[in-house]
Amino acid sequence: MTGSMRLAQGGRIDRSKPLRFTFNGKSYTGYQGDTLASALIANGVHLIARSMKYHRPRGIMAAGSDDPNCMVQLAKGARTEPNLKATQIALYDGLEATSVNVFPSLDFDIGAVNGLLAPFMTAGFYYKTFMPSQAFWNKVAEPVIRRAAGFGKAPDAPDPDVYDHCHVHCDVMVVGGGPAGLAAAKAAAATGARVMLADEQSEFGGCLLSLDRTIGGKPCAEWVAETVAELDAAEEVRLLPRTTVTGLYDQNYMVAVEQRIADLTRSSPANPRMRVWHIRARQVVLAAGSHERPLVFADNDRPGTMLAGAALTYLNRYGALPARHALLVTNNDWAYETALTLAANDVQVTVADTRRDVAGDLTDKLTAAGIALKTNRTVTGVTGGKHVTRVTLKAMNDTRDGVTGEAEEIDVNGLIVSGGYSPAVHLHCHVGGKLAFDDERACFVPATARDGLRCVGGTAGHFTIAEAIADGLSAGRAAAVDAGLKSGRAPKALAVEGDIASGAGAIEPMWLMPADKAPNRSKAKFFVDYQNDTGAADIALAAREGFDSVEHMKRYTLTGFGTDQGKLGNINGLAILAQLTGRTISETGTTTFRPPYTPVTFGALAGRDVGDMMDPVRVTSIHDWHVSAGAEFEDVGQWKRPWYFPKAGETMHQAVARECRAARTGVGVLDASTLGKIEVTGKDAGEFLDRVYTNMMSSLKVGFVRYGLMLGEDGMVSDDGTASRIADNRYLITTTTGGAASVFQRLEDYLQTEWPDLDVYLTSVTEQWATVTVSGPKARFLLERLTELPLDPDSFAFMTFQDAQVAGLPARIYRISFTGELSFEVAVAWHHGKALWEAVMEAGHDLGVTPYGTETMHVLRAEKGFIIVGQETDGTLTPDDLGMNWIVSKKKADFVGKRSLIRPDTVREDRKQLVGLLPDDAGFVVPEGAQLVDDPVTLKDVPHFEPPGLDGAPIYRAGKGSPVPMLGHVTSSYWSDALGRSFALGLVKRGRTRHGETIHAPLGDRTVAMKIVDPVFYDAEGSRRDG
Amino acid sequence: MLLIRCPYCGLRPEVEFSYGGEAHISRPEDPNALNDEEWGDFLFMRANQKGAFRERWVHTHGCRRWFNVLRDTSSHEIHATYEVGAPKPDVPGAAKPVRKPRARKSAKP
Amino acid sequence: MADITTDAKALRVSPLEVIGHRMVATSSPRVTINEIPFETQIGLRGDASKAAFNRAVKSALGVAPPKEACTAVEAGDRRILWLGPDEWLAVAPDDTGADLLGKLEGPVAKAGGAAIDLTANRTVIVVSGPDARGVLEKGCLHDLHPRAFPTGRVVGTLLAKSQIFLEKTGDKPETFRLYVRASFARHLAEWLIDAAAEFAA
């Protein structure tokens, strides 16, 4: 079709605002208010895309999110988006769109050869043909098929756009802004309720924007404008145009996606491109309307084929003429409105009705409009490769399952079809709502009631505007009342004129239209699901091969998958399956509707949870000092902790060796603020701690500190830390950095649910205190410069604490050591952390005071054989496994986990035990996680998996040897500056009985022999802790 | 996302809570009195019930209180929430108790 | 808490000091974001049905801890927030710290409770203005509409994946106080700055 198909006047487009755009590189002009689809139709362009499997030319069938075909690739570069429907793209100046799934071009597409192979490519074709050989499928078949069958291209750069989320609540949420939705919102708002109204289109009004009706004596467009203005002015009403409610969940929780920028405007946090609304409503009114169904006949997919309702929309709303010579094929009364409107716009129209009898008033109207009507007709063929040119009709036989008589050919450039309407019941079904098939209206309607949810208008199967408005008014008011608002006066009823009545006989189902040959014998395709190229023959094949449950049929034929989720094709598909299997449609049932209703961009789901905002970054009060000192950071839970502090030109290895040397020979400083801290107060505090630690805490004297181990009830080590007795009824305990929250919660659990009789309160004080650890032979010397408190071993014993002023700050000093060296941990209020740190650095400048990070901390403690919970342990180790029986009280009758320590499994002799490991190659640091075996084999000799193939599955390779017994693994492994060699900690079966033996770590390219030794490598006698 | 009624704070979004598994499994008062099988049962065996189920939740980010919830595990419907130690509410419409109390002499009522 | 010398006071650095200027830059007549640093915060634990506990708290703060869940009470420049059935947070101006803790610690302990200094544990961010709610709604799952969240309401919840106590302190304009742990404060402030960009002048 060539030339402008734009009407000289009419429609809701703004002819004073022309917009230029390109489609497949060719320039066109549309108007403000157009969609890409309406602008293309106005330019006579119907060929939009190629289908997925057969690469058949496809056009525009619908006018909204239900269109299965007209997918395009929008924009370029990082902002390109694949598989958008032209019907949903609001036109903007400079828009660039291209067809998807075409090579090399839309007009000439190599993949169309698949269409010639179609007889061989029935449902299940790919699997049946290629699956028998896994390797062939992985390497050859799947990649080739994917290239041929895929839709658009994903962008290959990060999405530059900004998306955000918003969480809101309301009394009444109205989904859909058509006649029923507007009426519901109006009635609900009249009560003063907090109302939200969302509609996927840029303008409210729904089908009223395309219809000619009067409502309450006014043209319907005027009524829409007045109602929207009234809602807009209401204080407690929020209107959300361009917003699709994609899912309804439990307790009336909804997710809706608002398209805020629909052109190339750059988005920003101040102006996000899309916003995801999380809506919690007391009451929901579903006014989502309905979807028109196509009819299933031979070659029903030719470009130029369009649904009757869509044709009406393009005409009335966009002033775009879908055809000049049109044939309307219908099985219902409602489609006649399209025929009459086309005729009124000088389109030459013929109507072919599948029914034998058509109501008298309709035939009168057709006659008056000069439209020829043919009843009892079926379509037996459609010609026109890239655009429909001719339609062949035949009469149906008496049993209405075959054809009779002569073929009748009609030359047209538009084929308008209507198979009736299906209520958009998706959201009703998302929350488990059931459906029932309504024979009179030939559609599934909501059949179960749910508190707080009302289906109205088209969604309830009420297809006239009069019904929709009445539904909406009463449901909106009732919803507000149920939400707790006072009802006030009932809204005034609104008279509607112009509906085509929808009574008995308004529709007569015709699921599979009789043809010359049955679909599976015919060369023609009888499409059911256009997007997946599923035809009636495929459904017949599925039924024949036993896939006769509707869910099996869906998966076998792909009916209902894809970006449209079968909004057009589903009901036709299952009705045909019902017919083929001799069941009713009710017996056959529908597949499950699941969110999202329409596709959602990944960026929208992520919202602002991107980059640094993805997860909280917790920092200490000394963080900025670490940053300016050039520290490299390590993530420990959500914390950023300094990993090491490289000097210019230093490698990590050099920096860590230097930091270790400083702490062992001079003085090092660590920011230890991240440890979890809990105040335990109350007269039973000691008793409580006795129950949750393996050792005794009630006997601790005030001013003393004790190391403690916590177990789970299963006897496995779960956390460690220290307990300091501040006062008789008051302890401060520390937890691991990562375990702080879970330990706190678990302790509360015991207190609240098991031992509520204990008089104990827990308070998390992690961020009340900043802690600076000063460690090394010169630690005392340094600290003495900052405090008047005597720090000599006689005045300040190991494992005690004292309050003091340090650098003029109120502080508490603990003498505890995680390095084996003389150490003081100085705690001050969080907001004094930076001042303390800077004072320590300044005071120790001439002593070469060296800040060190977590890596050095790990090396130093490993040299001493100190475990780190979560590194040496993994929830499967008892204190005995770790060689820590010394900390398990023999006196206490009970503590958490005690009973499990004598379970048969925990006293097994072949349990893995903590050992030290010294590689024979003293210069080689074995990777942590390395498996340990007795047989010195390399991985090449062992059966193994190779990296994933194309489908993501690892490939299994047989090896020479059989699998070797795994005896344990390396848990920590470092270079030790103090030892002048590499060393490791590991877990080995019966490891403590094997000291002196050699064990092997196979590493793929080499196998490393290691000697099993005691896990304490440095200063075993503990001579250094007093300095 | 569910709304859960904290017995102390009222209806709150699910993200404020943490799950604590099956409710009414008390720590035995004297674990040493249990044989290995009984202790293993306490540690590891749970009903994993379909339908109405009594379970523990904690209002982690709110008042930090542990409490019990009677929830239908197939429909997510929450029939009741109640404080630790409060009497067990009945399952709506159920004639019998949710599940037979397990034969464990040390279990608290 | 030991007495803080004037020198020590000058050495304090609040969690949001380094990005305070960015919070100011984001603020507009529609929404302002400010840190109130160093406010005295004292965690109170105890049994509110015990008269001795209520007396101990009231004599120090001028008001007894609120019994009603999720509410705050005010007495002059002091306030007490309900955090849980046996837990409250007392809040007072910067200068009252040591004095107030001294008044509370002994009597509250004697009444079977606990008073613990939490002044440095959290900082306070005030979000105020006609669009304060609009900023918070980008991450807060609570219904913040005045009908559902009146002045005086306090909830412990998550915002930007950070645990906070959210207190509504005013209606005209709508004003919220966010009590956030010191280590999370910067993340939350960055999130607020981002969320408020839409309402910036």
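**A sheet in chain A**

In this predicted model, chain A holds an open sheet of five strands in the order 36-37-38-35-39, with antiparallel pairing. Strand 36 (705-711) and strand 39 (761-764) of chain A stand at the edges; each has a single partner strand, so one side of each is left without a neighbour in the sheet. From one strand to the next, the twist averages 30°.

Pairing and packing

- Strand 35 (residues 676-681) of chain A runs antiparallel to strand 39 of chain A, and four bridges join them.
- E679(A) is placed opposite T763(A), a residue of strand 39 of chain A.
- Helix 20 (residues 740-754) of chain A packs on the sheet, touching strand 35, strand 36, strand 37 (717-727), strand 38 (730-735) and strand 39 of chain A.
- The direction of helix 20 of chain A makes about 165° with that of strand 39 of chain A.

**The interface of chain C and chain A**

Extent

- Chain C contributes 48 residues to the contact and chain A contributes 52 residues.
- About 4,100 Å² is buried between chain C and chain A, and carbon and sulfur atoms give 50% of this area.
- In chain C, the residues that lose the most area to chain A are I116(C), K161(C) and S183(C), together 14% of what that side buries.

Polar and charged links

- The interface of chain C and chain A has 11 salt bridges.
- R194(A) forms a salt bridge with D143(C), with the closest N and O atoms 2.8 Å apart.
- Between chain C and chain A, 25 residue pairs are in polar contact.

Make-up of the chain C side

- Helix 6 of chain C gives the most to the side that touches chain A, with eight residues.
- This side of chain C comprises 18 nonpolar, 12 polar and 18 charged residues.

Notes: Residues are numbered from 1 along each chain as its sequence is written. Chains are lettered from A and ligands numbered from 1 in the order in which they are written. This is a predicted model: local features need pLDDT of at least 70, side-chain atom pairs count only at pLDDT 80 or more; totals for chains, interfaces and linings use all residues. Side-chain values use heavy atoms; hydrogens and water are left out. Contact means heavy atoms within 4.5 Å. Buried area is the accessible area (1.4 Å probe) that two parts lose on being put together, summed over both. A salt bridge is a side-chain nitrogen of Lys or Arg within 4 Å of a carboxyl oxygen of Asp or Glu. A polar contact is a pair of N or O atoms within 3.5 Å; within protein, one must be able to donate a hydrogen and the other to accept it, and residues adjacent in sequence count only if both atoms are side-chain atoms. Helices (H or I, at least four residues) and strands (E, at least two) are DSSP runs, numbered from the N terminus. Ala, Val, Leu, Ile, Met, Phe, Trp, Tyr, Cys and Pro count as nonpolar, Asp, Glu, Lys and Arg as charged, and the others, Gly among them, as polar. Two strands pair if DSSP finds at least two bridges between them. Axes are lines fitted to C-alpha atoms, for helices over the stretch in contact, and angles run from 0 to 180 degrees between N-to-C directions.
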